[in-house]
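Have a look at the model first, then read on.

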Amino acid sequence: QKEVEQDPGPLSVPEGAIVSLNCTYSNSAFQYFMWYRQYSRKGPELLMYTYSSGNKEDGRFTAQVDKSSKYISLFIRDSQPSDSATYLCAMSADFGNEKLTFGTGTRLTIIP
Amino acid sequence: GAGVSQSPSNKVTEKGKDVELRCDPISGHTALYWYRQSLGQGLEFLIYFQGNSAPDKSGLPSDRFSAERTGGSVSTLTIQRTQQEDSAVYLCASSLEPGGIAFYEQYFGPGTRLTVT
């Protein structure tokens, strides 16, 4: 079993819809949670960062962490075609732990 | 400013040959990482360099893989006697010295797509 599980999709939704992307993990030591966005033929770019449980909002994006369920989510409101990309969750344990453990990524397509 | 650059962007090689992949990090970034991205596997950590410290090689899958970083800047990932299972996208990332939120902002290059035939 992988430490981080992520549904690879693909996921297609109409423009303007709310998108929900999720990851589950097995390592209870994970405390730092990140979401990366990766466009085709590009490297990943950091989208959101959260620490421990709770919510964090940044514009149309909201990241949620539920450590009791070992479950994290990324919500995208008012989705746009430019949001079409692969979204990867990543996490690490102690602060200063340089190794990020990534999910496999979910390919998202927003249909105009 | 300039981001992380990698070369070549694509590399096709025959099984058994050696390959070298290059990474130029963002100027001033002291931390440099190599990852491998295979279809359906996500990003797999390979190696991490931080300043003058000994690199963390714990993610290298075999002794055919090695990496060096010269002068605290450019890094080269070398794969000897390539195998078909080495086919993947090799991504390099850099970040500021660990400490605070900046550590987690790993800036990725576009990757080198390696195909072993």
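Strands (E, at least two residues) are DSSP runs, numbered from the N terminus, and two of them pair if DSSP finds at least two bridges between them. This is a predicted model, where local features need pLDDT of at least 70, side-chain atom pairs count only at pLDDT 80 or more, and totals for chains, interfaces and linings use all residues. Residues are numbered from 1 along each chain as its sequence is written, chains are lettered from A in the order in which they are written, and side-chain values use heavy atoms, leaving out hydrogens and water.

**A hairpin in chain A**
- β4(A) and β5(A) make a hairpin with 6 residues between them, and A:R41 in the turn has a positive phi of about 65 degrees.
- The two strands, residues 32-38 and 45-51, run antiparallel over 6 bridges.
- A:R37 sits opposite A:E45 in β5(A).

**Largest pocket**
- A pocket is an open set of points on a 1 Å grid over the protein atoms alone where a 1.4 Å probe fits, with protein on both sides within 12 Å along at least five of seven lines; lining residues have an atom within 4 Å of a point.
- The largest pocket holds about 720 Å³ of space, a volume being the space filled by probe spheres set on the points, which are joined across faces, edges and corners.
- Its lining has 26 residues, with A:Q38, A:T86, A:R107, B:Q37 and B:L39 nearest the centre.

**Second largest pocket**
- The second largest pocket has a volume of about 280 Å³.
- β5(B) gives the largest share of its lining, 4 residues.
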